[in-house]
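This report describes aromatic contacts and the packing around them in one structure. The sequence and the model are shown below.

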Amino acid sequence: MERRDFVKKAALGAAAGTLLAGCGNNAAEGGAPAIQTGGPRLRWRLASSFTRSLDTIFGAADVLAERVNQLTGGRFTIRVYPGNEIVPAFEVLEGVQKGAVQMGHTASYYYIGKNPALAFDCTVPFGLTARQYNAWAYHGGGLELTRELFADFNIINFPGGNTGTQMGGWFNREINSLGDLRGLTMRIPGIGGRVMDELGVSVQQIPGGEIYPALERGAIDAAEWVGPYDDEKLGFHQVVKHYYYPGWWEPGPNLSVYVNQDAWASLPVDYQYALEAAAAESNMYMLSRYDAQNPAALQRLLAEGVQFHPFPNDVMQAASETATALLEEEASDPGYSKIYNAYKQWRTDAYRWFGTAEQSYAAFAFGTAEEECALAPG
Ligand code: CA
């Protein structure tokens, strides 16, 4: 063998070894190799459930696409489409399942009509916070359990963002007790919507981009979306002024990246690594960006005269009891109970830990928007 050929083959072998190891140790042997996959040129489509103007929840998919492009030397491009552009906002799962698009970015609780256990891939009322969810997914067996569910839909799922604990939404009147919920019409999805229905609320499912007009024309009395940053963008404060917290139905909703299983299996292994790493980055991007944007948005909403209120105790108590009863209802199904029991145990243990250092620190150190409302002149 010519020496030149040998060197070339050795270099290729080292590069392949690095890629297969995910993160190789070639740096110790004389510097990390440049990323040169030589793989196929692929152009995929990703359907988001979200509207482009919501730069954080929508933007996480752009972050993923850009990073995959960079990690594959520009060979693997993913074009991100907003909700309703090529796939209806609430039908991303079907779109990916059938291969109409290779990928999706969505909230799995939109699909609980297909399988109630899909909620555990996103959030359930009085469930895990963002940190607790990530711990469960990445280190507590959660991701393996949700992937078993998604295998039935020919999808492989990845955590792909989190909003953190959401707000409890906008109401056109004060909610001073449980009775004040009765007869309201509210936009609220998932099992949280089912709980509200049990509490006497007339529940509507409306994509994020269509909430404002419904609120403005009085078709709904109340609506929830995410938190100060997004809700301000959607303009709810221009129509109603009572902003409640917490969003007990979404203590830490995970947004998911879906990949069609056949499309995934067709990828070179280094592209799979790139996609997996980029999804993890989008997960971090969304949560940290919401946490960075919400404080200033909260201040702006206070300045606009928005009234922040905690939900009354009887609402929290009734919601908690109703949510538990609803979650237990499905427990006779073995597939559901397998993931539900694992989730419940993880939650119990996580709450005990978070109720210790985290909670005592928060109770001492954190202020509330309601205190600022009380301090505001007038
Ligand atoms: Ca929400």
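## Aromatic contacts and core

Arg45 lies over the face of Tyr81, 5.8 Å from the ring centre; a charge counts as over a ring if NZ of Lys or CZ of Arg is within 6 Å of the ring centre and within 35 degrees of the ring normal. Arg147 is likewise placed over the face of Phe158, at 4.7 Å from the ring centre.

The model is predicted: local features need pLDDT of at least 70 and side-chain atom pairs pLDDT 80 or more, while totals for chains, interfaces and linings use all residues. Residues are numbered from 1 along each chain as its sequence is written, and side-chain values use heavy atoms, without hydrogens and water.

Rings of Phe, Tyr and Trp (its six-membered ring) pair if their centres lie within 6.5 Å, with planes under 30 degrees apart counted as stacked, over 60 as edge-to-face and the rest as tilted. By this rule there are 25 aromatic pairs. Two of them are set out here.

| Ring pair | Centre distance | Plane angle | Class |
|---|---|---|---|
| Phe150 and Tyr258 | 4.9 Å | 50 degrees | tilted |
| Trp248 and Trp249 | 4.6 Å | 85 degrees | edge-to-face |

Phe150 belongs to helix α5 (residues 142-151) and Tyr258 to strand β10 (residues 254-260), so their pair ties together parts 108 residues apart in sequence; helices (H or I, at least four residues) and strands (E, at least two) are DSSP runs numbered from the N terminus. Both Phe150 and Tyr258 are buried, that is, under 20% relative accessible area (1.4 Å probe, protein chains only). Trp248 has a relative accessible area of 3% and Trp249 one of 2%.

Notes. Buried < 20%, exposed > 50% of the residue type's maximum accessible area, 1.4 Å probe, protein only.
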